[in-house]
Amino acid sequence: MTSRRWVTVAILMMVVVPALAGTMKEARADVTTDCEFLEISAKAGGKPAIDAELSPVEKKLKKPPFSTWNQFKLLSRSQKSLVKKKAEPVSLKIGAATATLVEIVDKSKVRLTVTMDDEKGKQVANNTTTVEAGDYVIYVHGLANNDGHLLSLTCK
Amino acid sequence: MSEPADARSDLALMEYADGEIDGQIDGQPGGQPDGQINEETADAVVAARLARDPDARVKVAAIKQIGELVRGHLELSADAVHDAKFAAMWRRIDDQLEQPATGLWARVSRWFDRYRGHVITGAVSAGAVAALALILRPSTPDPGIPGRNAAAIDVRPVALRATPEIDSLDTPGGSSTVINLDDEDGHTTVIWLTPADTVEGI
């Protein structure tokens, strides 16, 4: 092959490869879900109190098994766009967590893997759940003095 | 007059007719110190020769006619050459006269000038392939890869939602309890994690 033909091939590759890569990237980027994480501290006290930012889950928190406590405080709130097969760290005030979108099922459900570590860095949960968009999963981790550490998540 | 003398005389007449006379004519010096005759003397000598020699006058007239013929032929030949050839010749000459550009941009421009055809061919081909790739890209979800291209997730009405499924649950060093709650907002799955020391304490 002459050098001029190599020039033509090189130009062809320079244009085609990024175009195809962009197409594939776009196809991959399609598989995402937006999830909201609420980190909540729960205590039993004299006067019931629920932070206003917890309104999405307020009714749930007033029912068993959460009625063990009557004071709920929002520790942190995160909105994450989860990409398929990519573990997304969720920053928490107490410990740490990650969330991974395994797949989207039947266009209305998400299969998620969530891990939670306590404040010492020790993993306390590694869970994969399939849940409908709009429904909630709440992890409850008991702390000292019967306090609770909650992590609520919902995806759309 | 001898034969060589006639030849010299004719040569001098030719030079006179062409305006190139710069020497002696008919052996008559023009009075210059270096033996050369001046222009006025030469004109006078030639005029005198032409006045007394009819053959010389005929020869001068013939030489002038031949000169006109040759000049006319050359001019016609020059007109016959195609303008594009002249333009190409001038371009080559200009290229040789121009200083070679040394800047990066000039080199890039030269490169594109040289490979303009290949660049256009490559770009057109690449555009065609990219267009094909976009057109032929699968637009429906691939059944082999669940969830692929599922850009938007449908939030179904609460009544139609399925119960959450726990696919796996690992609680290192502790235990867990799963509670499903249903209300008008949908399902809530509570995963209650109990540390091992708490379990032991119960």
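**Notebook: chains A and B**

I looked up the contacts first: 49 residues of chain B are in contact with 48 residues of chain A (C-beta atoms, placed from the backbone, within 7 Å). The model is predicted, so I kept to its limits: local features need pLDDT of at least 70, side-chain atom pairs count only at pLDDT 80 or more, and totals for chains, interfaces and linings use all residues. Residues are numbered from 1 along each chain as its sequence is written, and chains are lettered from A and ligands numbered from 1 in the order in which they are written.

I then asked which elements supply the chain B side. Helix 6 (116-136), strand 1, strand 2 (174-183) and strand 3 (186-195) of chain B each give at least two residues; helix 6 gives the most, 11 residues. Helices (H or I, at least four residues) and strands (E, at least two) are DSSP runs, numbered from the N terminus.

I found 5 strands in an open sheet, ordered 4(A)-5(A)-6(A)-7(A)-1(B), with antiparallel pairing; two strands pair if DSSP finds at least two bridges between them. Strand 4 (88-91) of chain A and strand 1 (165-170) of chain B are the edge strands, each pairing on one side only.

Strand 7 (residues 123-132) of chain A pairs with strand 1 of chain B over 5 bridges, antiparallel. A:N127 stands opposite B:L169 there.

Last, I checked helix 3 of chain B. The number buried among its 27 residues is 0, so helix 3 lies largely in the open (buried: 20 or more other C-beta atoms within 10 Å of a residue's own, placed from the backbone; exposed: 12 or fewer; partly exposed: in between).

How values were computed. Contact = placed C-beta atoms within 7 Å.
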